[in-house]
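Please consult the sequence and the model shown here.

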Amino acid sequence: MGKFSTRDIVITITAPSKELIIKDLHIDIEIIKTLSATPNIANITVFGLAKYSRDFLSSIYDDQDSQYNVKISIDNNNLYQGDLVNIQSMFNVGTWETSLFANEGYNAFRKKAKIETKKGETREDILETMFGTLADTGLNEFDIQSLKDNCGKKSILKRITYDGNIIENIKNLIRDCLPDADLFIDDGKLNILPKNKTLNKNTILTNFLAPPELNEKGCKAIMQTNSDVQIGATVELRAKSFNQSFGNLTTNRANKARFSGEGTYKIIEIAHTFDNFTEAVSKTEITGTFLR
């Protein structure tokens, strides 16, 4: 057991009317969450998985949709939940090595449907109809407050038919009133978040594995596994020292807060990496953009 690592790793895989819990085996995990247009991913490697468990995972698709859900927890803290989209097992150096690839929102990002709107309907009405078609993909919440605050009540002047990928149609619908916004899925919720806005959550970080790195755009910080940080939310860094990498200061004119690390950052990416069989530190790395 590593001195600084949390080793209580549990992987819960559920399918219609059955469940598989993986624990007490050698497990290696990488989780990446981002505000970009790509879903959050988890790469899982399990060593020594029994044959009945490998057989359980042998059929993950039904009509090309994933029927298996993966939940990852470490030390009783949930870090990830998503659709299982690929599995590969191979016998390597005397043991079975099983690789699992999970993708949060896999079924939602692939969902297609045909929706016909009526003249006079608002964007909010149309979005609610589109969200209804995603109900069977595992999404249970939708945060469209930013759209409601901008043009949610604006009506459509003519009858429109939306046909094809639902997520792409949602992006097209909001583009004219929120042209600079991120649409992402996290913790089972679809969020529409303008790039100059943040989620209503702030985390103060004080313990780091290395001095945080500061640059023109924002920061990077590495700490022991942290389940409180969230993409789209904010963090405040409070460290004794920082690694600074600024370019041309005449052009960039970085203010005092940027040099000292003070201020608030919007999290745009989170990476969790950990295992339960080496001395490697179980860690979380965040990337943030400077706000104020």
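The model is a predicted one, in which local features need pLDDT of at least 70 and side-chain atom pairs count only at pLDDT 80 or more, whereas totals for chains, interfaces and linings use all residues. Residues are numbered from 1 along each chain as its sequence is written, and side-chain values use heavy atoms, with hydrogens and water left out.

**Overall chain**

The protein chain has seven helices and 21 strands; these are DSSP runs numbered from the N terminus, with helices being H or I of at least four residues and strands E of at least two. Its C-alpha atoms fill a box of roughly 65 × 55 × 30 Å along the principal axes. Of the 292 residues, 45% count as buried (under 20% relative accessible area, with a 1.4 Å probe and protein chains only). Among contacts (heavy atoms within 4.5 Å) with a separation of 6 or more, 70% come from residues 24 or more positions apart.

**Pockets**

A pocket is an open set of points on a 1 Å grid over the protein atoms alone, where a 1.4 Å probe fits, with protein on both sides within 12 Å along at least five of seven lines; lining residues have an atom within 4 Å of a point. Grid points are joined across faces, edges and corners, and a volume is the space filled by probe spheres set on the points.

| Largest | about 500 Å³ | Q81, G82, E104, D187 and G188 |

The largest pocket is lined by 36 residues. Elements that give two or more residues to this lining include β1 (9–15), β7 (69–74) and β13 (181–186), while β8 gives the most, with six residues. By class, the lining comprises ten nonpolar, 17 polar and nine charged residues; Ala, Val, Leu, Ile, Met, Phe, Trp, Tyr, Cys and Pro count as nonpolar, Asp, Glu, Lys and Arg as charged, and the others, Gly among them, as polar.

**R123**

R123 lies in helix α3 (residues 123–133). R123 is buried, with a relative accessible area of 8%. Apart from neighbours within four places in sequence, the contacts of R123 include L147, C151, K154, L173 and D176.

Technical notes: Buried < 20%, exposed > 50% of the residue type's maximum accessible area, 1.4 Å probe, protein only.
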